[in-house]
Amino acid sequence: MIQLHRVSKWYGPPPPRGVAAVSDVSLSIPSKQCVGLLGPNGAGKTTTIRMITGYHPPSAGSIRVHDLDTIDDSIEARKLIGYLPESTPLYPEMKVQDYLTYRARLCGLGAKARREGIDRALDRCWLKDVRTRRISELSKGYKQRVGLAGALVHNPPVLVLDEPTSGLDPSQILETRSLIRELAADRTLIVSSHILPEIEQTCDRVIIIARGRVRADGSPRELVEQIHQCGFPHTVEVGVGPQGRERVHRALAAIHGVKSVQLEAQRTTELWATFTVLPKDDVADLREEIARSVVVLGLVCRELRRAQPTLEQVFLRVIETDERRQGNRPEGAAA
C-alpha cells in the first residue's frame with residue numbers, strides 16, 4: 001500500500017515566489033495494483049516518483065509505503081522499493097553479474113539471498129546469456145534490462161519504473177511490456193510514461209497529472225467511458241458522384257442531433273464520397289439515422305462507423321481542459 005496525503009513539492013520558497021512541481025496530491029495505491037502515471041513533459045511525474053522512492057523529501061504532506069513514513073522510516077521504506085530511473089544509471093566498466101552483486105550488497109542481502117536474488121533477476125530479465133559481459137559492451141535494450149534487474153535483485157514488493165521503454169526498439173518494447181505485466185502479478189507497480197499505448201496495455205489504473213496536480217484517476221475503461229457520451233464523429237462513405245454530394249450533405253445535416261457535416265476531400269473519389277458527421281454532445285450514436293437517410297436517398301453505403309474514444313483522446317481532453325482552466329498561464333512545473 002502506498003499513500004500520499006496532500007503532498008506538495010516546490011523549489012525555492014513556497015509559491016507564489018517559488019516554483020511548484022507538485023501541488024496537494026493525495027493518492028492511495030493498494031498492494032498488487034499496476035498504476036500508470038501519465039502527463040505532459042514538466043507535469044510533475046518524475047518529481048512524484050522521486051518523492052515516493054525517497055530521493056526527494058516532500059515540501060509538505062506525507063508519504064507512506066506499507067505503513068512506513070518515507071521520511072521518519074526512510075531506510076526501511078526504501079528496502080521495500082525497487083526503482084528504475086529514466087536515465088538507467090549503470091557502471092559501464094562492471095560485468096553484469098558483478099553489478100547485480102554490488103546492488104544486492106547495497107540492499108543488505110546475505111550470501112544465500114544474494115545468490116538467489118541475482119539468479120532470479122537474471123532469469124526474469126533475460127540476462128543469463130550476458131551475465132559475464134561488461135555493461136559497456138551491451139546494447140541499449142540490454143542495458144535497460146540490467147537496470148531493471150538491479151531494481152528487482154532484492155525482490156521488492158513495490159517496483160517503480162520511470163519511462164521503462166525509453167530508447168528501445170519495437171521488439172524490445174514488446175519484451176519489456178510483457179515483463180511489466182508479469183511483474184505486476186505479485187507486486188505493486190508504478191509506471192511513469194508519456195507513451196499512452198504502453199500505459200493502456202500494462203496498467204490497471206491510470207493517473208493523469210498536469211501542472212503538478214491529479215486531473216484524472218481511474219481504470220483505462222473508466223476514463224474512456226467518462227467521455228464516451230461526449231459525441232464522437234461518425235464516418236460514412238456513400239456511392240455518389242460529384243453532382244450528388246451536396247444532396248447527401250444536406251440530408252446528413254438535417255438529421256436530428258447532428259452538429260456538423262464535413263466532406264473529407266482526401267478520401268473522396270469520382271464515385272465515392274466520404275463524410276464526417278459530428279453529433280451534438282448529448283447524442284451518443286447516430287449510425288441508424290445516418291443509414292436510414294442514405295437508404296432514403298437510394299444510395300449505396302460502403303462504410304459507416306463511429307469513432308471509439310481512446311485513452312489518447314481522454315489524455316488530450318484532460319490536458320486541454322486543464323489549460324483552459326489555467327488560462328494558459330504557466331503554474332511552474334518540473335520534470
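Me: Which helix gives the most to the lining of the second largest cavity?
Reply: Start with a caution: this is a predicted model. A cavity is a space where a probe fits but cannot get out. Here, helix H4 (residues 111-124) leads that lining, with three residues.

Me: Which residues line the second largest cavity, and what is its volume?
Reply: The lining is Arg-120, Ala-121, Arg-124, Leu-152, Asn-155 and Arg-187. The volume is about 30 Å³. By class, three of these residues are charged, two nonpolar and one polar.

Me: How many cavities of 30 Å³ or more does the whole structure hold?
Reply: The search finds two. The largest cavity holds about 70 Å³ of space.

Me: Which residues line the largest cavity?
Reply: Leu-84, Trp-126, Gln-144, Arg-145, Leu-148, Leu-161, Pro-164, Thr-176 and Leu-179. H5 and helix H6 (170-183) each give two or more residues. H5 gives the most, with three. The classes are six nonpolar, two polar and one charged.

Me: How much space lies in the largest pocket?
Reply: A pocket, unlike a cavity, is an open set of points. The largest pocket has about 590 Å³ of space. It is lined by 23 residues, and those closest to its centre are Tyr-55, Ile-81, Arg-103, Leu-106 and Cys-107.

Me: Which elements give two or more residues to the lining of the largest pocket?
Reply: Helix H2 (74-79), strand S6 (81-84), helix H3 (96-106) and helix H5 (140-152) do.

Me: How do the residues of that pocket lining divide by class?
Reply: The lining of the largest pocket has 14 nonpolar, six polar and three charged residues.

Key. Residues are numbered from 1 along each chain as its sequence is written. This is a predicted model: local features need pLDDT of at least 70, side-chain atom pairs count only at pLDDT 80 or more; totals for chains, interfaces and linings use all residues. Side-chain values use heavy atoms; hydrogens and water are left out. On a 1 Å grid over the protein atoms alone, a cavity is a set of points where a 1.4 Å probe fits but cannot get out, and a pocket is an open set with protein on both sides within 12 Å along at least five of seven lines; lining residues have an atom within 4 Å of a point. Grid points are joined across faces, edges and corners, and a volume is the space filled by probe spheres set on the points. Helices (H or I, at least four residues) and strands (E, at least two) are DSSP runs, numbered from the N terminus. Ala, Val, Leu, Ile, Met, Phe, Trp, Tyr, Cys and Pro count as nonpolar, Asp, Glu, Lys and Arg as charged, and the others, Gly among them, as polar.
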